[in-house]
Amino acid sequence: MSEKSRFGITRRRVLIGGGVGAGLAVAWAIWPRQYVHNLIANEGETIFNAFLKIGEDGNVSVVVPQAEMGQGVWTALPQALADELGADWRTVGVETAPINPLYANDFLVTGEAEDGFFGSIGQWAVREFAVRNALMITGGSTSVRGFEQRFREAGAAARAVLCKAAAARWDIDWQACDTADGFVTYGEQRLRFGELAAEAADYSPPGTLELRNPSGRPITGQSVPRIDLPSKVDGSARYAGDVRLPEMVFAAARQAPSRQHRLAAVNRDAANNVFGVTAIVENPRFAACVATNWWAANRGVEALAPEWESERETVTDDASIDAALQSALDGDSGRRFVDEGDLAAAFGTSGAHRATYDVGLAPHAAIEPLTATARVAGDRLEIWAPTQAPGLMRAAVAEAIGYSESQVTIYPMLLGGAFGRKIEHDAAVQVAIIARRMNRPVQLTWSREEETRSDYFRPAARGRLTAKLAPDNTIAAWHTRIAAPATNNQMFQRIMPNMLIGEVDEPEAGAVEGARPAYRIPNIAVEHMPVDIGVETGIWRSVGHSYTAFFTECFIDELAIRAGVEPLSFRIAMLGDSARLARCLTRAATLGGWDGGEQGGGMGLAAHSCFGSHVALVVRLGIGDDQRPVLQNVAAAVDCGRMVNPEIVRQQIEGGIVFGMSQALGRAIGYADDEPTAMNFPDLGLPILADIPDIEIELIESDEEPGGVGEIAVPPVAPAIGNAIYAATGQRLRSLPFVVGGVA
């Protein structure tokens, strides 16, 4: 028996190799292995490579490893592949990728994506770790940046072998053929993809793939219809909460307030008296009720009234968080991540301007709470769940119940919002434990109150910024010191405990990402002062940029006023090294009718670069009778490089602006007795439809490589609003969320 047949690997099942590149086949010199796909062909389908299947009916299935959570990745990546393939967009569908090293998001975990998840660890080592461990992660605005090239290559490889199959029928040189609208063409001759698919898989692509030039990609850069929208409109899209299995029961749970808490007591009698409750599950980290319906399960959990005991001697509340931040800011346990020029000499002994800025905890508040369904079958477990990291979820579930990873199957579902929250796997671990105890399918859904109570909030942070102006009214020296939790380290301890990147009390680059201003400043330092605030924090849409941009762009406005220079001109004068951001600023100013930031005008601006993209906002607002800012207009100019689908970019900018409004104008998340005081949507003060201003967006055409778009609009929203509030009221607010008339 041959090696190939012994493992059931035939020529048609192996990954098409040749010149497809590292995105499709990876081999390590010191760990010899070539990865093959683990896709399954349905009847009449042919697998071309890890990203593509074509049916004999001509339907094209594009296999997407990135989670669809509203950002449009199920359209943008198939669009890139379909253009190289020459497919008819009307025949293109999407299939979720299985867990496989071929789909690892090595772009995210290495330094290619900003600082990378793993900081300064060698790129080769991190990439190898990511691929070996199938680190399929959706985050960091990396889906298009990290996968577009792979998808184009996959489409080009399939196009080549389809042309070879057609050329064999026509007895011509395959390079004389082309593809368009789902056909291989040669002059007037045409053959449908479906007719050729089975034959084409027997050919190998050329050693060097030829990608189409821009004129040969008719749908790239076009706003083709989103693949996921029809099912979301008619209700046929399946989310985790839509899963129904035979004999399935429902569960609700209450988590411990922190990892230092353990379950001490529950009221089992009260829970058992709730009609429909069939079982109670106690775990050191959570308490749960199982019932015939979710409403009964949740009422049962409320009746349980879990009590917790803590290893900590102190209780977390607003005062303790404030004290911890201030102590860290004044301390000396930090690290300098940016150090340019001679700061001490530039500052001298006088003339510096200093301000302190604060941001509070921010919730993810996704519409869909954490939900997961588990089924035990013999020695195997299946999980249906929304996840940004299916491989990490599988590993966590397997460890929690004592299974090997090969015994656990994850079915990633559509995500009803995530914003970083669903890179974690709390609900999946809990439902696996419960299902194994019950020995029947269980669907666990967190209540909205539990979703908020047990959220890993965007961290609270405090920044002290000091700067000195030069005689020409540019900035001569700049020093930023930020006290904030080491959130990435905290997250890694939860989701990747076997690869500890850093201790929670160690400084990390991620906590101060975006804190180095884009402006030309000869002497500059940025420091992170790590702090344990007693609250477990997590990554949040735009991560550290969400507060560093607020600190920086409001402080820039302060310096402009101190210099007596109009805020736009002040910025432009120092952007000689950032022409793309300068262009965004001038375009946004024109689009928004910038009035120079005159007092009483209520206009503010801000700009920021992150995730390989650049954005500037101009905000116009007024102050309502209740002293709440009322946004009237937001103008945004965006340079995100070459766009695959402009309408998706526009959608993400609009969504990011609204999301940014939530942290700027929502309600603060208070803390008392180790728990947040906010529990449901009304407590969060989120923007409603009536609060949304007119939003005008200009997308700047560019031939640069694509940048991320899912997060870029969030960072400049708060500073633009803060600067507009100053223009409207003369009050400089330095804390988020803003309270007009409160303490500056």
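Here are some questions and answers about the predicted model shown above.

A word on conventions: this is a predicted model, in which local features need pLDDT of at least 70, side-chain atom pairs count only at pLDDT 80 or more, and totals for chains, interfaces and linings use all residues. Residues are numbered from 1 along each chain as its sequence is written, and side-chain values use heavy atoms, with hydrogens and water left out.

Q: Why does the radius of gyration of the protein chain agree with that of a compact globule?
A: Let's begin with the overall form: the C-alpha trace spans about 80 × 70 × 50 Å along its principal axes. The radius of gyration is taken over C-alpha atoms, and the globule rule is 2.2 Å times the number of residues to the power 0.38. Because the chain has 744 residues, a compact globule would have a value near 27 Å, and the protein chain agrees, with 27 Å.

Q: How many helices and strands does the protein chain have?
A: Both kinds of element are DSSP runs numbered from the N terminus, with helices being H or I of at least four residues and strands being E of at least two. Counted this way, the protein chain has 21 helices and 28 strands.

Q: What share of the contacts with a separation of 6 or more comes from residues 24 or more positions apart?
A: Contact here means heavy atoms within 4.5 Å. Among contacts in the protein chain with a separation of 6 or more, the share from residues 24 or more positions apart is 75%.

Q: Which residues does isoleucine 383 touch, not counting residues up to four places away in sequence?
A: Isoleucine 383 is one of the residues that touch the most other members of the largest nonpolar core. Beyond four places in sequence, its partners are Thr373, Ala374, Met393, Val397, Thr409, Ile410, Tyr411, Ala428, Val431 and Ala432.

Q: Is methionine 574 buried or exposed?
A: Methionine 574 sits in the loop between helix 17 (567–572) and helix 18 (579–592). Leaving aside neighbours within four places in sequence, methionine 574 is in contact with Thr474, Ile475, Ala518, Tyr519 and Arg520. With a relative accessible area of 1%, methionine 574 is buried.

Q: How far apart in space are cysteine 640 and glycine 612, C-alpha to C-alpha?
A: Cysteine 640 is in the loop between strand 24 (629–639) and helix 19 (646–665), and at 3% relative accessibility this residue counts as buried. The residues touched by cysteine 640 include Arg580, Ser613, Val649 and Glu705. Glycine 612 is 28 residues away in sequence, yet the C-alpha to C-alpha distance is 7.0 Å.

Q: Is threonine 185 buried or exposed?
A: Threonine 185 lies in strand 6 (residues 183–186). Its contacts, leaving aside neighbours within four places in sequence, are Trp170, Cys177, Asp178, Thr179 and Arg190. Since the relative accessible area is 18%, threonine 185 is buried.

Q: What is the phi of glutamate 247?
A: Most residues other than glycine have a negative phi. Glutamate 247 is found in the loop between helix 7 (229–234) and strand 8 (249–255), and at 61% relative accessibility glutamate 247 counts as exposed. Its phi is positive, near 65 degrees.

Q: Where is alanine 365, which has a positive phi of about 55 degrees, found?
A: Alanine 365 is not a glycine, although its phi is positive. At 22% relative accessibility, alanine 365 counts as partly exposed. Its place is the loop between strand 14 (353–359) and strand 15 (371–377).

Q: What is the omega of the peptide bond from leucine 736 to proline 737?
A: Most peptide bonds are trans. Proline 737 is found in the segment after strand 28 (735–736). The bond from leucine 736 to proline 737 is cis, with omega near -5 degrees.

Terms used
Core = buried A, V, L, I, M, F, W, Y, C linked by side-chain atoms within 4.5 Å. Buried < 20%, exposed > 50% of the residue type's maximum accessible area, 1.4 Å probe, protein only.
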